[in-house]
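Colleague: I am new to this structure and would like to learn how its features are read. Could we go through them one at a time?

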Amino acid sequence: MEYQSLYRKYRPKTFGEMVGQDHLTKTLLNAIRKKKVNHAYLFTGTRGTGKTTAAKILSKAVNCLTPKDGEPCNRCVICKSIDEGRTMDVIEIDAASNRGIDEIRDLRENVKYLPSECRKKVYIIDEVHMLTNEAFNALLKTLEEPPEHVIFVMATTEPQKVPATILSRCQRFDLKRIEEEALVLYMKKILSLEGAEAEEDALHFIAHKAEGSMRDCLSILEQVLILGGEHITKQEALDIFGTVDDSLLLQFADGVLYGDYSSILSVIKQGLERGKAVVSFIGDLLGHYRNLLLLKSEGDKMVLWETSAAQQERLKAQSKAYSYEKLFFAIETLSEAEREARFALQPRLILEVAGLKLSHPSFAASYESILAQLEDMRQELTDLKEKGIVFSQKEEKEAPLGSAAEEKRQTKQPVSVKEAKQAEAEDNETEKDEKKEGTPAEKPQEKEADKAEALEKKILDGWDDILSLCKKKNMPYMLRFIKEGLKPVSYRDNVLYFEAKSKEIGTVQRIEGLFEEKETKEIFGQAFLAVCKMEMPHFKLGYGRGKAEKIKTEGPKEDEGFDREKQLSLAKELFPDTKIEVL
């Protein structure tokens, strides 16, 4: 006998054999029993959920010569001819290759003919969403009022592409993905018929990879059977997919958790050496972090069927070590890496950089990374507190210099609770002694106002010395001050104000270069801004003509040392009746 694939060999032949679609089978059985079969049905759902299978069983059930409680007998001539594809009254149409209006016109011409051997002529239109708009429009009238001997059964994976006018003329059934546990039970049944056996973990892994599709599940099972023979192991299933072993995923997550980048690089190397594609590898990592998130949120209530009991215990332990912030950061970073790796020339580099960001969140400038770092710090402090190790707040804020607590603070070493209390007691004694003797901190300090007043007097009295230095050093701008007869009149907020006799436009000039000279610092000890105060209707506030133009075009630099808002406020106060222009 010619070899058949498992999904064809064990294709359900009755409604009772269908898996995971009880709502569909129960409705159709009741309709057949009560002879209320509709003229048009639409089955929707993802691949491998049983759409075409249900259509064929329905065609047998309405035509079977000896039905039993609505089910086809599968022994009569009609049932056998339908199973073998010999009958002319059950017509399967692939809408992907017969999608035009001409094919629908032929269908309209043929539906009026009576069936040759069956009671009902059944048209099964697969992937009906592939029909053109013109073909759908041509089908409308026939679909709405077909001959009594015709039943239409349409199947599609994309119901949103089917026109509403078609949907309204059909009974629609949405077939759901088959649950993993149901897939596992069905595989066990098939293995017993095939005389083989498999590890429980292997079956759960295959069911997980099938993503709710029975056809995919049986195709994978067939591959593994051919590879492993009569006994299937999980490792053989992993080899078929080229999937990274769970131990590597756990090792990667541990490397992220403890900041071990070398361990992460080792995992990446091992995974890629086993033939795993980078994008697929990142997908496995995302699946691992999804499991960690589910286990952390659900705890013991969550059961991951695709993992073994021992593996799940390791996942639970790892999920407890992770914070929600760190899990979110890992999923976000890996998702971004997956998107970039799809189109990158060096996808491995993308994954390695993502691993570096995960193990060292400080390298990633994102909101999620900052949250992850804060959560790490909080967790570290919590661990220290549980071990009886604390940082004394008093040592950080109030410990005097030279005290025992201050020495411990400077070394940034945690102290135990007992040691902290002992250090505080020593510091209290030190403070009492210092109060008795009098410390330098208690000596009266000179007020800022007194300092400014003393400095102003020193500047005004020493101006002649400044002029002498200007002449001696031949400084062009300051020589102009001398030529114009500028004389300082006041000092305020680190600005020196002059009164000029000339009628030129006044400016604020930076003379820091002069005041940084050694001789000048011996007189005043610091540099100042100079403001020329003039009786003019127009006043310019800036750095001088050349500098002002540069600032106007390029903007001031951080080291210019000129607070525009502050100086403008002072200028307005000094010159209330003068127009002030800011350069």
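Predicted model: local features only at pLDDT ≥ 70, side-chain atom pairs only at ≥ 80, totals over all residues.

Colleague: How many disulfides does a search of the whole structure find?

Modeller: A disulfide is a covalent bond between the sulfur atoms of two cysteines. Here the criterion is a pair of cysteine sulfur atoms within 2.5 Å, and a search of the whole structure finds zero. For Cys-64, which is in no disulfide, the nearest cysteine sulfur belongs to Cys-73 and is 3.3 Å away.

Colleague: Is Cys-64 buried or exposed?

Modeller: Buried means under 20% relative accessible area, exposed over 50%, and partly exposed in between, using a 1.4 Å probe and protein chains only. Cys-64 is buried, because its relative accessible area is 1%, and Cys-217 is buried with a value of 0%.

Colleague: With which side chain does the side chain of Thr-156 make a polar contact?

Modeller: A polar contact is a pair of N or O atoms within 3.5 Å, where, within protein, one must be able to donate a hydrogen and the other to accept it, and residues adjacent in sequence count only if both atoms are side-chain atoms. The side chain of Thr-156 makes such a contact with that of His-129, at 2.7 Å. Thr-156 counts as buried because its relative accessibility is 0%.

Definitions and conventions
Residues numbered from 1 in each chain as written. Heavy atoms only, no water.
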